[in-house]
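Subject: Structure handover

Hi,

Please open the structure below and keep it on screen while you read. My notes follow it.

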Amino acid sequence: MEPPTEGRSRSRRKLWGFTAVVSAFGLVLASCGGARVGDDPIQAQSCVDTSGDTVKVGFINSLSGTMAISETTVNQSLNMAAEEINNSGGVMGKKLEIVEEDGASDPAIFAERAARLIEVECVAAVFGGWTSASRKAMLPVFESNNSLLFYPVQYEGLEASRNVYYTGSTTNQQIVPGLEYLKDEEGADSIFLLGSDYVFPRAANMIIKQWAEENDVEIVGEDYTPLGSTDFTTIANRVRDSGADAVFNTLNGDSNVAFFRQYRSMGMTPETTPVLSVSLAEEEIGGIGVNNIGGQLTAWNYYQSVDTPENHEFVDRFKDRYGEGRVTSDPMTAAYTSLYLWREMVEKAGSFDVDEVREAADGVSYDGPEGTVTVDGSTHHVTRTPRIGRINEDGLIDTVWEADEPLTPDPFLDNYDWSDIPLDARTGIGTGALRED
C-alpha cells in the first residue's frame, strides 16, 4: 500500500477514499464508500477474462451533447493509442479489444455506462470522462467494483481515489501558474471569475479566491452559467462594467463559442481585458473563430506547437489518421498517454489484476507528446509541465511561458500556506479525501 502524502504546511491527509460530494446547486453527485489508508483493498469479484489472446478495455466519452465538441477528439486519441499498442504486440502479449460507451454529456449516464463496462463487458480498465461532475458520478462505481478509471482532463484537485489515475493536470500544475502569469506578466490586479455551473469551476474559484487574498489581487466579479449556455450578453456586460484587468475562464464545452463571440462583439479584446482559459484548447478554437479569440491566453501542459521529436511524430500520426486539418490538444494527449501508462503498469506488475497494477504504478513513466510524465503512487496523479499559451492567427497556441521541469502533483495544495480547503460540503464542494489531524 502506498504511503499518504505529507505536506509542509498542512496536517497529514489520508488520501484514499471518497467522501460525500454535493454540487453548488444541490445535486448529490457521489457518496461515501472508499477505502482508507491502512484498510484492506476492496474485495470485489472481477469478471475480467484474460485467458485468451485479447483483453477488453473501455472508453467512455461524450460523443453527443454539449461536451462532444471537446470529448470526441479524446476518444479518437484513445483509439489511436490502442491501435498503436496492438500493432506493437499488445499488453503482455494480448491485443486490446475496445468497448466504447457514450456518456452523452450527462453525469448519470456516465455512471450507468461505467457500471456496464465493468460489470457486463468485464473490461480490465476504463479510460475517459471530462467534467468533474461526470468523474464524481463514476467514482462510487469504480470504488465499489475495485476497478480502474484513467481520467485525462485537468481538474480542481482536492481528490485522490485508489481507483482513479488522474493524467490531466491538477491545481498546482495549471490554475496556480495561470494566476501567477496574469499577475506577473499581464499586470492584472483585479480578476473576474467566469465558469460553468458545476463542481470544477466552483472548486477552482474557491481556490482562486484564497490565492487572490494572499497575492493582493481583487476579485471583482464571479458568475456561473449552466453547461450548454449560449447567451452571454448579460455576463459580458458585467465583465465590462466590473473594470476587471483580466478574466479567469472555467467555462466548458460549446459555451465557450457563444461567450467569446459576444465578448468580442462588445469591444473587449486581449489588449483591453485578456481572458485566460483553462478548459479551452485547440479543438474548440475553430468553432469560436480566430477573429473572436485570437491573442487570448490559455493554461495547459501541452500545445500542438510543443517542439519535441515525440510531439512532431504524434501530430503527424494523428493527422494521417484523422485528417490534415485536425488539431491536437492537451486532454487528448493526456488520454493518449494514459493508455500507454496503463500498459507500462500492467507489464511492470506482470498482471492485469487491479491491486497488483496499483502496487506497481509508482514511478512508471512515459515519454509522451508533452514530454516525460511520471506516476506519483501516493496521489495517483502524474508529473506535468505547466505552460501558458497565446492563441495565434492560425488557430494554434504558442507557448509564451513554461516551467523549467515537470511539477510533482499537489492535488490538496499541501505546499501552499494560503490554501485552506474546507472539509465539509458547506461550500458545495467535496474534498475527496479524509484528513487526519
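Strand 12 and strand 13 run parallel and are joined by two bridges. Two strands count as paired if DSSP finds at least two bridges between them. Helices (H or I, at least four residues) and strands (E, at least two) are DSSP runs, numbered from the N terminus. Leu-276 has Leu-297 in strand 13 as its bridge partner.

This is a predicted model: local features need pLDDT of at least 70, side-chain atom pairs count only at pLDDT 80 or more, and totals for chains, interfaces and linings use all residues. Residues are numbered from 1 along each chain as its sequence is written, and side-chain values use heavy atoms, with hydrogens and water left out.

What is the order of the strands in the open sheet? Seven strands form it, in the order 10-9-11-12-13-17-18, and the pairing is mixed. Strand 10 (218-225) and strand 18 (397-402) stand at the edges. Each has a single partner strand, so one side of each is left without a neighbour in the sheet. From one strand to the next, the twist averages 25 degrees. Angles run from 0 to 180 degrees between N-to-C directions, and axes are lines fitted to C-alpha atoms, for helices over the stretch in contact.

Now go to strand 11 (residues 246-250). Five of its five residues are buried. Buried means under 20% relative accessible area, exposed over 50%, and partly exposed in between (1.4 Å probe, protein chains only). Ala-246, Phe-248 and Thr-250 lie on one side of strand 11, with Val-247 and Asn-249 on the other. Both faces are covered.

Strand 11 pairs with strand 9 (residues 190-196) in the parallel sense, over five bridges. Phe-192 has Val-247 as its bridge partner in strand 11. Strand 11 is also joined to strand 12 (residues 275-277) by three bridges, and these two run parallel. There, Asn-249 is partnered by Ser-277 of strand 12.

A helix belongs to this part too. Strand 11, helix 7 (residues 255-265) and strand 12 make a right-handed β-α-β unit. Right-handed means that, with the strands pointing away from the viewer, the path from the first strand over the helix to the second runs clockwise.

Next comes strand 13 (residues 297-300). Four bridges join it to strand 17 (residues 387-391), and the two run antiparallel. Ala-299 stands opposite Ile-388 in strand 17. Trp-300 has Arg-387 of strand 17 as its bridge partner. Leu-297 and Ala-299 point one way from strand 13, while Thr-298 and Trp-300 point the other way. All of these are buried.

At what angle do the axes of helix 1 and helix 10 cross? Helix 1 (residues 68-87) and helix 10 (residues 309-322) have axes that come within 11 Å and cross at roughly 105 degrees. The two helices are therefore roughly perpendicular to each other. Angles under 35 degrees count as roughly parallel, over 145 as roughly antiparallel, 65 to 115 as roughly perpendicular and the rest as oblique.

Helix 1 makes the contact (heavy atoms within 4.5 Å) through residues including Thr-73, Met-80 and Glu-84. On helix 10, Phe-314, Arg-317 and Tyr-322 are among them.

**Single residues**

Val-375 is in strand 15 (residues 371-376). It is buried, with a relative accessible area of 3%. Its C-alpha atom is separated by 6.4 Å from that of Ser-365, 10 residues apart along the chain. Not counting residues up to four places away in sequence, Val-375 touches residues including Tyr-165, Leu-341, Met-345 and His-381.

Ser-134 is in helix 3 (residues 132-145). Ser-134 counts as buried at 1% relative accessibility. It touches Pro-107, Phe-110 and Gly-129, again not counting residues up to four places away in sequence.

Is Cys-122 buried or exposed? At 16% relative accessibility, Cys-122 counts as buried. It lies in the loop between helix 2 (107-119) and strand 6 (126-128).

Asp-216 is exposed, with a relative accessible area of 67%.

**The whole chain**

The protein chain has 12 helices and 19 strands. Of its 437 residues, 61% are buried.

Best wishes
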